[in-house]
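User: Hi! Could you walk me through this model?
Analyst: Happy to, let's have a look together.

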Amino acid sequence: MACKVCSNKWAIAGVAGVMLVFILGLVLCFTLLEVTQPGCEQDVACRPDADMLDYLLSLGQISQRDGLLVTWYHAANSQEEMKAALNSNIMVLEADVTVEGLNTANETGVPIMAHPPAIYSDNTLQQWLEAVLASSQKGIKLDFKSLKAVAPSLDLLRRMTEDGKVRRPVWINADILRGPNVPISIEVNATQFLALVQEKYPEATLSPGWTTLYVPLFPNSTYTRAMVEKMQGLVGALPQRVTFPVRAVMVRAGWPHFSWLLGQSDRYSLTLWQGASDPVSVDDLLYIRDNCATHQIYYDLFEPVLLQFKQLAMNATRKWSYYTGGSLIPLLQLPGGDGLRVLWQVPGIQGNGTTATVQLPDKEGMILLNVGLQEPAAGDPVPIVHAPGNPTLTLETCLLQLATHRGRWGVHLHIAEPTALRPSLAVLARLSSLGHLSRPVWVGATVSHGHFAVPGHVAGTELLTAVAEVFPHVTVAPGWPEEVLGSGYREQLLTDMLELCQGLWQPVSFQLHAGPLGQSMAGVVARLLAASPRATVTVEHRPVEGSYASVRTVLLAARAVDRARVYYRLPQSSREDLLADVGRN
C-alpha cells in the first residue's frame with residue numbers, strides 16, 4: 001500500500017510538473033510572440049500608423065527608403081488568392097473590401113473580400129486579417145469600393161489593434177473624387193469616408209484617390225489642377241500620412257500639379273498604379289522618379305514595364321531629366337539636406353557675338369544668368385546674358401550650350417531690365433517645348449510694389465502675371481529694391497511682398513541681402529518661409545557690402561531657422577568661412 005501511495009504521489013507530481021512546464025511554455029510563447037512580432041525591433045516601425053518604408057526597412061526586406069523596392073500583390077481576396085499571396089515573397093498585400101450581398105435583399109453588413117461586381121466571397125475581412133496577421137510580416141492595403149463597408153471594417157481593425165494584433169502599417173484606400181475621363185459620379189463619398197477614418201481608425205495611412213478611365217483616343221488626358229487642389233483641400237489639415245494613388249499612364253502630363261501637391265506636406269507620397277491594358281512609358285516613369293525623393297513614390301506596376309523601369313532607374317550613368325518648375329531636391333540637395341551645400345555660380349563668356357561660348361564652372365550648382373535686352377537693327381528685341389567683363393551672349397544660345405553639359409545644375413535667371421522679362425520667358429517656353437530645358441529654372445527680379453515701389457524695376461504684379469501667362473513652370477525669385485532697405489526689412493515691406501505672392505502656384509524663393517537682414521526685426525526669415533510649404537529664402541552677400549565678419553551672425557541666424565530651406569549666394573571665401581563656422585558649431 002505504501003508503495004502504491006508513493007507511486008500515486010510521484011504520478012501526481014509528474015503530472016503537476018508537466019502542467020507547470022506546459023504553462024511556462026505558453027507564457028514564454030506569448031511573451032516571445034509579443035516581443036518578436038514582425039517589425040517590433042523598432043516600436044516606431046511596428047504600428048498601424050508607421051511609414052511603410054520604415055517598417056520594411058526594419059524587417060530587412062529593403063535596403064533603403066526607396067518606394068521602388070517595395071513589391072505588391074493585387075486582389076488577394078479569395079481564400080485561394082490570399083494563400084498564394086501569403087506564400088509569396090511579396091511585401092505588401094492589396095485586397096478589396098465590400099459588404100456581403102451589397103445592395104440586395106441578402107445584404108448582411110459583413111465586410112468581405114471581393115472586387116465589384118462581385119458581392120459574395122469565401123473570405124471575410126476578419127478571416128483575411130487573422131490569416132495575414134498570424135502568418136506573415138506583410139504590409140496591408142485595404143481598398144474600399146463601398147462606403148457601407150468602411151465603418152464595420154474600421155471597427156474590426158480597432159478591436160484587433162487594441163488586442164495588440166495589428167503591429168504593422170495599414171493603408172486605407174478609396175476613390176473619393178472624380179478624376180480624368182469619368183463622366184458620372186461613382187466615387188465614395190469623400191466627407192463621410194474621411195470622417196469615419198478620423199472617428200474610428202485614425203492610425204491608418206490614408207490612400208485617397210480619384211476615379212479614372214483611360215481612353216486611348218485621348219492619351220494626354222490627365223489630372224487637372226482643379227482636381228489636385230480639391231484633394232489637397234480635403235486632406236491638407238488631416239494628421240495622417242497620405243499616399244495618393246494615381247494612374248501611372250496619366251501622371252507625366254499632370255506632373256506640374258503633382259509636383260505642387262507633394263510640396264504641400266512631408267506626409268505625402270504618390271502610389272503609381274497601372275491598369276491592365278495601360279501603355280505606361282518607361283521614359284515617363286524615369287521622369288517622375290528623377291523629380292522626387294526616392295521615398296515619395298511607390299510603384300504598383302505590372303511586368304515587363306516594372307523590370308525595364310527598375311533596370312534603367314538603378315543605372316547611375318543614365319541621363320536624368322528634370323521639371324523646370326521643380327525644387328532643387330533631389331538634383332542639388334538631398335531631402336532635408338543643407339541649403340548651404342548648393343552653390344550659386346556665374347559662368348564666363350568667351351568671345352562675343354555669334355562665336356561667343358559659355359564657360360560653365362567646374363562645380364555643380366545653380367548657374368546665375370543676368371539677363372538684359374538687346375535691340376537689333378531689325379526684328380524683335382533679343383534677351384542677352386551679361387557676364388563679368390561685359391561680354392554678352394543671347395539667352396537662347398547660352399541655354400542651348402548649357403544643355404549640352406552633363407552634371408547637376410539648375411538655372412537662375414535674374415531679369416536685370418524690365419523689358420527683358422517676357423521675351424526671356426518666351427525663350428524658356430520655346431526651349432522647354434523642344435526638350436532643351438530639363439533643369440530647374442528660377443526666374444527672379446528686383447521688384448517694385450506697394451511700399452517698395454521704385455521706378456526702374458520690374459513691377460511685382462507684372463513678374464507674376466508674365467510668368468503665369470508665358471511660362472508658368474518656374475520658381476519665382478522676387479527681391480526688394482536696395483533703395484528701400486536702409487532700415488532693413490521693415491514690417492510693411494514684408495507685408496506687401498507676402499500679399500503680392502499670396503496664393504502663388506509656383507514655388508517662391510525670397511531674395512534677401514545679408515546686410516539689411518542684420519538690421520531687421522527678428523523673425524524675418526521664419527515669416528517668409530511660413531508663406532508656403534514650398535517657399536525658400538536666398539540670402540545674398542557681396543564683397544562690396546563688407547567682410548564676412550560683418551554678416552556672420554545674420555548668416556548663422558538664418559541657417560538656424562531652417563537649414564534645408566535657406567540658400568546662400570556668397571563669395572567663395574565667405575562661403576568657406578561660413579562652412580567652417582558651421583563645422584565648429
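**Lys 200 and beyond**

Analyst: Let's start with Lys 200, which lies in helix H6, residues 190–200; helices are DSSP runs of H or I with at least four residues, strands are runs of E with at least two, and both are numbered from the N terminus. This is a predicted model, where local features need pLDDT of at least 70, side-chain atom pairs count only at pLDDT 80 or more, and totals for chains, interfaces and linings use all residues. Residues are numbered from 1 along each chain as its sequence is written, and side-chain values use heavy atoms, with hydrogens and water left out.

User: Thanks! Is Lys 200 buried or exposed?
Analyst: Lys 200 counts as buried because its relative accessibility is 18%. Buried means under 20% relative accessible area, exposed over 50%, and partly exposed in between, using a 1.4 Å probe and protein chains only.

User: What does the side chain of Lys 200 join in a polar contact?
Analyst: The side chain of Asp 155, at 3.1 Å. A polar contact is a pair of N or O atoms within 3.5 Å; within protein, one must be able to donate a hydrogen and the other to accept it, and residues adjacent in sequence count only if both atoms are side-chain atoms. Not counting residues up to four places away in sequence, Lys 200 touches Asp 155 along with Ala 151, Leu 154 and Arg 158, where contact means heavy atoms within 4.5 Å.

User: Switching topic, where does Glu 364 lie?
Analyst: Glu 364 is in the loop between strand S12 (357–359) and strand S13 (365–374). With a relative accessible area of 43%, Glu 364 is partly exposed.

User: And which residues is Glu 364 in contact with?
Analyst: Leaving aside neighbours within four places in sequence, they are Leu 343, Gln 345, Gly 407 and Arg 408. The Glu 364 side chain reaches the backbone nitrogen of Arg 408 at 3.0 Å. Those two residues are 44 apart along the chain, with their C-alpha atoms separated by 5.5 Å.

User: Last one: how many helices and strands are in the chain?
Analyst: The chain has 19 helices and 22 strands, and its C-alpha trace spans about 125 × 60 × 45 Å along its principal axes.
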